[in-house]
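Please read them with the structure open beside you.

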Amino acid sequence: MMTQTRRKFIMAAAFGALIAAAPAFAQAPSGKLVLYTSQPEKDAAQTTAAFKKAYPNVEIDIFRSGTTEVMGKLAAEISAGQPSADVLLIADAASMEILKGQKQLLAYPGAKTDGLQAGSFDADKTYFGSKLITTGIAYNTAAKEKPTSWTDLDKPSYKGQISMPSPLYSGAAAIMLSTMTARPDLGWKLFEGLKANEAVAVRGNGAVLRSVATGEKAYGVLVDFMAYNAKKQGSPIDFVFPKEGAPAVTEPVAIVKSTKNEAAAKAFVDFILSDDGQKLALSMGYIPAKPSVGSPAWLPEGTKINVMASDIAAVVKATEADKARFATMFGN
Amino acid sequence: MSLADTATLRTRVEETGLLWGLVGLVALLSLLPIGRLVVEGLAPGGQFSTTALGKVLASPATWTATANSLITAISGTVLAVLIGGTVALLATLTDIRARNAFTFCFVLPLMIAPQVTALAWLQLFGPSSTLLKLIGMAPPLGSRNPLYSREGIILLLGLQYAPLVFLTLRAGLRALPKELIEAGLAAGASPLTVLRTVVLPLMTPPLVAGIALCFVSCLGNFGIPAFLGIPGNFLVLPTLIYQRLAGLGPGVLSEVAILSLLIGIIAMVGILLQDFMMRRRDFRITTTSSAARPFELGRWRAPVETLIWTFAILVLALPFLGLLSTSLIPAFGVPLNAATATFANYAYVLFEHAASKRAFVNSFLMSAGAAILIVLICVPLGYFIVWKKSRALRLLNLAAELPYAMPGVVLAIAAILLFLKPLPVLGVSIYNTVWIIVFAYLARFLVLGLRPIVSGYLQIDRTLEEAAQIAGAGLPRRLVTIIFPLVAPAAVAGALLIFLTAFNELTVSALLWSSGAETLGVVVFSFEQGGDSTYASALATITVLVTVALMASTTLFAQKLPQGVLPWRD
């Protein structure tokens, strides 16, 4: 008798807690969620920890690697007929656009896109930009000149002193290549100048940072946050947004069509796009996709970043040919 | 039926059972992944199609990369044989002092992962070199680093794999009977003549084994051409495959599969040549005698010692110092001195980063497990291949080379394709568990254990084992009491190679790890890629120190082990 009363009481208390929590967890997602991401190690750990805090009933498993490996693993899984990822959080929209074309992504029309930067998410709501990562010019503080424009890189005084990420390995660099070559004022002429200046294409942005910060090269084409984070830690490096504008990637999040846990996957997308998720991105040193949450400390007050417009559909179409041309050009 | 007949029958049943068990196991490890890739290359989705094949064969990039692969693999092997061979002869046959310490140092660079070696050497030259800055010789900002070239790749491949040749040759030299050398010397031949006419011909099996292993290793190496070749757009087949994967379009897996098979074919040609050479002669020698009295170098001793020690220290210490210095700075480009040096990177990877801690345990268990399992498979396998001349196994022996020659990432893709769905009959899934990585390690490193063991068998006289057989000992008993002790030095050398390679392995587990099943290589690579190279260096430094500690601690048991079991001990 006694125990039964107690049990009833506990049930009632639990029920009360559930009602109280209801507005926050309308569907209270639970179970397992598999995330494939190309975020840096530290960021990926923070993102999953924060998500787990907001949704304690969801068990989140993660596979983290470079975009190439993530897409390679996914391609193998798709080929074997059973992708095991539920959600993706990868560097560039072009890879997402390809997956969307292969009908591998689930549209999420209910995603809360209010307040997000215009153009940062797919019109069909299959993938959503989570932050803005721009590419500009980093330079070693011992460099003789301070660049202000992309075309500065073609000046004879920069000869032999430039490194850049190879579009054949980095998703962000591939977008940069197709965006810049599509611009009438830059185009392939810029890359011909880079070739003449003996610029080297290294494996990825991490390698560019290494070469510029250690002084192996004076100048590097690099993503903003890596340069600023290194500068904050004391590396002799600085960064400029070139005056023609900076090509950008949005690190989009998307739900895989074959997901076994749609509720949790949607919760993950909502979390990334929520104010909390956006503040998390800000705290990691990124420019959030939702301008209302603020801008990172490294960005001087009032700076208006001139983001180079890029047409993702056109990029996807052009990217194979652009990469091939790049490979031939920078070949020996 | 007489008692003797029953015994013979039992032996035959045991042998046949064991033989077919081994055939099945090797086929599972080597042929299954290759077969899955062939299917992916020629019949993606079950539909036969030559689209991918035509596309790969028509692409000029394929043939440039093939030529580059051949050039770097052959030149790298030649360099490794010159260095490793010379050093093995000097360190084993002459009277140089402190041989154990020298061997220990010379073998150590094998323990630093190729991509780490590449990064460390890059830091040594060029404008960023702390060392060159110290002596005021650093080239100006922006000068081209000479290592970003074909020659740079060849140099580092040669240095990376010289210890492989050294280890296999040394295991052979150890079994060299002193009577032969002394007979030659007594007959009035000069040491050089004895070397040329007695020692080197007898050393053909380990030398050829070393060459083949080295060639296959150079061919499949990803880290060195990735870091030195990409900036000069000098692509070899493994980097071309990686680049194709990054391209990600429909059919990319088919193209990747065909490119991998191309590497496999090249490796196969090398292995067949080796097999052909080995079949022509009989190299058996008795091992009952003690090691030969060393050649006296006389007045050349001091210069030779200086030379090889300088070399070992340069090759070992320079990259390690590069690694160590990066691990102690707060960020790139910050000069290292008493005021800037920090242990924060170590503190982070040791105490804060949970995945690093898990990775240590995982990498240790998986590498040790793979090494032990492979030796257990390879000792009976070598017995059937060499002494029983089993034809089926001979062919499988060749097939076993293939997974090692493929780029790790391709083997990983084959494993994903194979194990994504639960295993048939058993119904359990090993995908996203440590077991898929263990499977890939077994497939990839089988040959690292098999080669030294096979060359061990080639040199051992079979009389002891035959005597035991006549006395009525069954195969399992002979394996344990006679055969294993005889091949123990080679087997332990093989196990050690596997453990060390797997402990630092990166490209196989890069696609196969999952939450909770991280490996050290994966964590180091993740840091490196995200620009957190200081964390990567700290973790890599700890890895090297742990390995050295393990090697050193096994030395404590050296007296209790059969002679020659530890490759770095006399």
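Which residues are linked with Glu15(B) and Arg478(B) in a network of salt bridges? The first point takes this up.

1. The network. This is a predicted model, and in it Glu15(B), Lys388(B), Arg462(B), Glu465(B), Glu466(B) and Arg478(B) are linked by salt bridges into a network. As background, side chains of opposite charge can pair when their charged atoms come close. Two of the pairs are described in the next points.

2. Glu15(B) with Arg478(B). The closest N and O atoms of this salt bridge are 3.4 Å apart. Glu15(B) belongs to helix H1 (residues 3–42) of chain B and Arg478(B) to helix H22 (residues 475–503) of chain B, so the pair ties together parts that are 463 residues apart in sequence. Glu15(B) counts as buried because its relative accessibility is 11%, which is under 20%.

3. Glu465(B) with Arg478(B). Here the closest N and O atoms of the salt bridge are 2.7 Å apart. Glu465(B) sits in helix H21 (residues 463–470) of chain B and Arg478(B) in helix H22 of chain B, so this pair ties together parts that are 13 residues apart in sequence. Arg478(B) counts as buried, with a relative accessibility of 0%. Glu465(B) is buried too, with a relative accessible area of 0%.

4. A salt bridge in chain A. Over all chains the structure holds 24 salt bridges. One of them joins the side chains of Lys155(A) and Glu145(A), at 3.1 Å from N to O. Both residues lie in the loop between strand E6 (131–140) and strand E7 (162–165) of chain A, so the pair ties together parts that are ten residues apart in sequence. Are these two residues buried, exposed or partly exposed? Lys155(A) counts as partly exposed at 31% relative accessibility, and Glu145(A) counts as partly exposed at 26%.

5. The interface. How many residues does each chain bring to the contact? Chain B gives 60 residues and chain A gives 55 residues. About 5000 Å² is buried between chain B and chain A, and carbon and sulfur atoms give 55% of that area. For the complex, the predictor gives an ipTM of 0.78 and a pTM of 0.83.

6. Confidence in chain B. The mean pLDDT of chain B is 83, and 91% of its residues reach 70 or more. Where in chain B is confidence lowest, and where is it highest? The lowest mean, 66, belongs to helix H6 (residues 130–134) of chain B, and the highest, 93, to H3(B).

7. A nonpolar patch. Leu70(B), Ile74(B), Val78(B) and Leu82(B) make a nonpolar surface patch of about 340 Å². One of these residues, Val78(B), lies in helix H3 (residues 60–93) of chain B. Val78(B) counts as partly exposed because its relative accessibility is 47%, which falls between the cut-offs of 20% and 50%.

8. Ile542(B). This residue lies in helix H25 (residues 533–556) of chain B. Ile542(B) counts as buried, at 13% relative accessibility. Which residues does Ile542(B) contact, leaving aside its neighbours within four places in sequence? They are Tyr346(B), Val349(B), Leu350(B) and Phe360(B). Ala212(B), by comparison, is 330 residues from Ile542(B) in sequence and 32 Å from it in space, C-alpha to C-alpha.

9. Two positive phi values. Glu251(A) has a phi near 40°, a positive value in a residue other than glycine. Glu251(A) lies in the loop between strand E11 (248–249) and strand E12 (252–256) of chain A. Lys389(B) has a phi near 50°, also a positive value in a residue other than glycine. Lys389(B) is found in the loop between helix H16 (354–387) and helix H17 (391–399) of chain B. Is each of these residues buried or exposed? Glu251(A) counts as buried at 4% relative accessibility, whereas Lys389(B) is exposed, with a relative accessible area of 61%.

Definitions and conventions. Residues numbered from 1 in each chain as written. Chains lettered and ligands numbered in written order. Predicted model: local features only at pLDDT ≥ 70, side-chain atom pairs only at ≥ 80, totals over all residues. Heavy atoms only, no water. Patch = residues over 30% accessible without salt bridge, like charges linked within 9 Å, V, L, I, M, F, W, Y side chains within 5 Å. Areas by Shrake-Rupley, 256 points an atom, 1.4 Å probe, with all protein chains shown as cover. Salt bridge = Lys/Arg side-chain N within 4 Å of Asp/Glu carboxyl O. Helix = DSSP H or I, 4+ residues; strand = E, 2+ residues; numbered from the N terminus. Buried < 20%, exposed > 50% of the residue type's maximum accessible area, 1.4 Å probe, protein only. pLDDT = per-residue confidence, 0-100. Contact = heavy atoms within 4.5 Å. Buried area = accessible area lost by both parts, 1.4 Å probe.
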